Amino acid sequence: MRGPRIQKSSESSDSLPLPLNRCLAKSRKTDEGAILPGRLVLSHCNIVGEVARAMMMRMPNWLRAELFPDGAELIAAAHDIGKVSPTFQKKIYSALSRKDDAVLSSVKAHNAEAEKCWGGHGGVSQATAEARNVGKYIPEILGQHHGFSPNLAAYQAVSEVFGGESWQAQRIELLAQLKQTLNTNFPIVKDALQARVLAGLTTVSDWIGSGSLFEDPDGDWRLKIEQALDSAGFMQPQLKSGSSFLEVFGFAPKAAQIRLIEAADQPGVYVLEAPMGLGKTEAALYAAYQLLQKKLATGIYFALPTQLTSDKIHERVNAFLGQILEDDSPHKQALLVHGNAWLKQFEMGEEGNPGGAWFAQGKRGILAPFAVGTVDQALMAVMNVKHGFVRTFGLAGKVVILDEVHSYDSFTGTILDALVRALRQLGCTVIILSATLTQERRAKLLGIAPQGNACPLSPYPLITAQPKDGGFTEISVERIPDISVTIAHRFETDAIDEVLRRAEEGQQVLWIENTVKEAQDLYRKLAARTSGMEVKCGLLHSRFTKTDRAANEDAWVNCFGKGGAEARTRQGRILVGTQVLEQSLDIDVDFLVTRIAPTDMLLQRLGRLWRHMETRRPYGAQCEAWILSPDLAEAIISPELAFGATSKIYAPYVLCRSLAVWQGINQVRLPSQIRELIEATYAAQEEGEHMARHLHQVEVMRARLERLALHGLSKGGTTQPEEKAQTRHSDLESTEVLLIRTYQHDPLTKGTWVTLLDNERLWVPHNGRSLKRKQWHEISAMLMQNTLKVADYLAPDVVNKTRINWLGDYFYLGRPEYEESVMLRVALVDESGAVKSLDNSLANSSYRIHYDSLIGYQTIKKEGAKI
């Protein structure tokens, strides 16, 4: 609710506003570090409006008709009208190397620091638009173009802090000139979702219009609009037409793949439930290719549960793009080289440069025509998070492939349901892939009523189609031949002896734990036992730097993947890992050991066994899995004691239900038993005293998670920073950590020598923005390869931001004025692997931290430490 009008003060009511030809929107920095005046507000607003107009002209007609009305370019152009205000002009003129005394004198009565009270110039833009009645949703779009909604409860357009009526008159004049120059008026915005898309258009146009091509205020900017869009990556890919499935992937499609491709022939929602190893990824990609050929889609976003799985699937998607794109198509070279290549090749203005919040591949990728990323980035498209609407804009019109959907909990599931509903309205084609989806979960995703336990089980595999122009249909698929897997329940000590014996016989063995620490501890035991044996032992989990993770992953996938036939014969191997090994990695092992987990996770893990029928296996190898599980009766009475650390990862009730299903099984047929095992685990049933108590905990948690998720979806209240937004439930926040060997500042040359973990030395100039763009981006990408994410409480302690400001041109460090904390932790790793603070003291007050390329990031709680 708008507050009372603030009275003018006599001191400032006599001050005249700056003429529009003196109101600066930008400053610019020379190579020598001098700050000079940049673009005027009028010029910058015109540039952004024309960028938006040109961007919309590159979209297909059907998408423009549905979401981007004529006049949307004026919304984008008007984003910075709030810079015509005394506080902003005082701030920008005060920062110039050469002071303009006349301007500074005219605004001396205003406090530039007070801008944070109303959300900066975005708040002034919103207040101005509200006063002009420009139309529903439009003022809010202008106000939030920096990613968050300003608080205007106590302010109006003519409030004295905004310059009163005289400065408001200047803003009105600026709006009139923009309308005249662009020859358009504000459009009608039909609903809140369209408003989010237009907010994304506005923000991205602002980023591009703030790029290096427009820095020189004397240059002719009109000639650079198309070049700027090309430089930002907004180019139409050139498709090869008519390529068959066989030509694209090198093998003929299976029955289930053909049925999905036939069904997904228009925008809508399609669910493919099929076992591991069937080729769901290829089916979804080829369906997307057909839609792209028909011009019914603008690109592809392939969303996976974790960064680790998305990095690996990137290679498969790149191979696909190599087949469907012409050799001279934009994006092809960058995508085929590496995920980081897109960072280096394309420029997206200030926010998309190194040091900006959107430089990271995980964020920027959602704006690219083709991208592989985490589901979190897609989920934030419907959440009240900073720049959530940029993701909404980035997904509009695309084929969005959601993989491994079974693995999401009630919290993420609530947000995912909202995302699927929104994607329908955004003209998207949603393809949902799952090996282990419950019937109730499928119904929620499709927005239909669940059938209930009394109904017969749906067939499996199954395709469910809900096209935009058509009804709901279930399409059964030809049954797939079963693989019989022998199941045994064993203890850890027996399993260690067994995997050593099998590996010594030449078998390729996989052991999956539920926590990183358990995986690290087990690896140490096995590494010690295999010392001196002709057996290779390795470890894969999420707490490696990007460089080490990629190297480890490549080495093991090359052995365990389709191309590893020769490598398999050389020696036996044992790979220890966590949940990252159960999803999206195309690995095939001879023997599996897994810690007990929910049924859907166990089935995913079993999907790594004997995955490729053509694989030659050592004599005596059997398709067998050992499950490390406690006694069910003991687990029901005391799950924390029986399951140990696993009970902190998965709900005890689900673990007990899963164990009850699996304890009597010594042989399982896959995929024919997948549906019955899943439904037996999750179907509602009467429970005894202890299980009823565990079920109550699950129901309480589910209700809490759904409330939390709905809060995140709410458009009211404070916008959350992206780094703190929760897309999957965890009581533990995580943070990014940069690990280096040493660093040494050189004040004379204004830079820092950084020794990376592989002992390579990297020169990091403090003024990265003065470098050639390619070099600047490359330095940032190299530093990023030495980062990892860990839980906040296990990370090196926060240091004063001034200690790491020299990294501010390469990493996003957060903006204190928006109440974001330091977004990066930096620590040193000595030759012994000990992780220390920047002054060589203890990195964490409660944990000793160690890092090496074999075991990753390790933490040991100090005696007596309180967490």
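Analyst: A polar contact is a pair of N or O atoms within 3.5 Å; within protein, one must be able to donate a hydrogen and the other to accept it. Keep in mind that this model is predicted.

User: OK, which backbone oxygen does the side chain of Tyr-460 reach at 2.7 Å?

Analyst: That of Ala-435. The backbone oxygen of Ala-274 also lies 3.2 Å from a polar atom of the Tyr-460 side chain.

User: Where does Tyr-460 lie?

Analyst: Tyr-460 is in the loop between helix 23 (439–446) and strand 8 (462–467).

User: Is Tyr-460 buried or exposed?

Analyst: Buried, because its relative accessibility is 9% and the cut-off for buried is under 20%.

User: What does Tyr-460 touch, leaving out residues up to four places away in sequence?

Analyst: Its contacts include Glu-273, Pro-275, Arg-479, Pro-671, Ile-674 and Arg-675. Ala-274 and Ala-435 are on that list too.

User: And how far is Tyr-460 from Glu-676, going by C-alpha atoms?

Analyst: Those two C-alpha atoms are separated by 9.8 Å, although the residues are 216 apart along the chain.

User: Changing topic to the whole protein. How many helices and strands are there?

Analyst: There are 35 helices and 25 strands. The protein has 867 residues, and 60% of them count as buried.

User: What share of the contacts with a separation of 6 or more comes from residues 24 or more positions apart?

Analyst: Such residues account for 73% of them.

User: What about the surface?

Analyst: The accessible surface comes to about 35,200 Å², and 51% of that belongs to carbon and sulfur atoms.

Notes: Residues are numbered from 1 along each chain as its sequence is written. This is a predicted model: local features need pLDDT of at least 70, side-chain atom pairs count only at pLDDT 80 or more; totals for chains, interfaces and linings use all residues. Side-chain values use heavy atoms; hydrogens and water are left out. Helices (H or I, at least four residues) and strands (E, at least two) are DSSP runs, numbered from the N terminus. Buried means under 20% relative accessible area, exposed over 50%, partly exposed in between (1.4 Å probe, protein chains only). Contact means heavy atoms within 4.5 Å. Accessible areas come from the Shrake-Rupley method with a 1.4 Å probe; for residues, only the protein chains shown count as cover.
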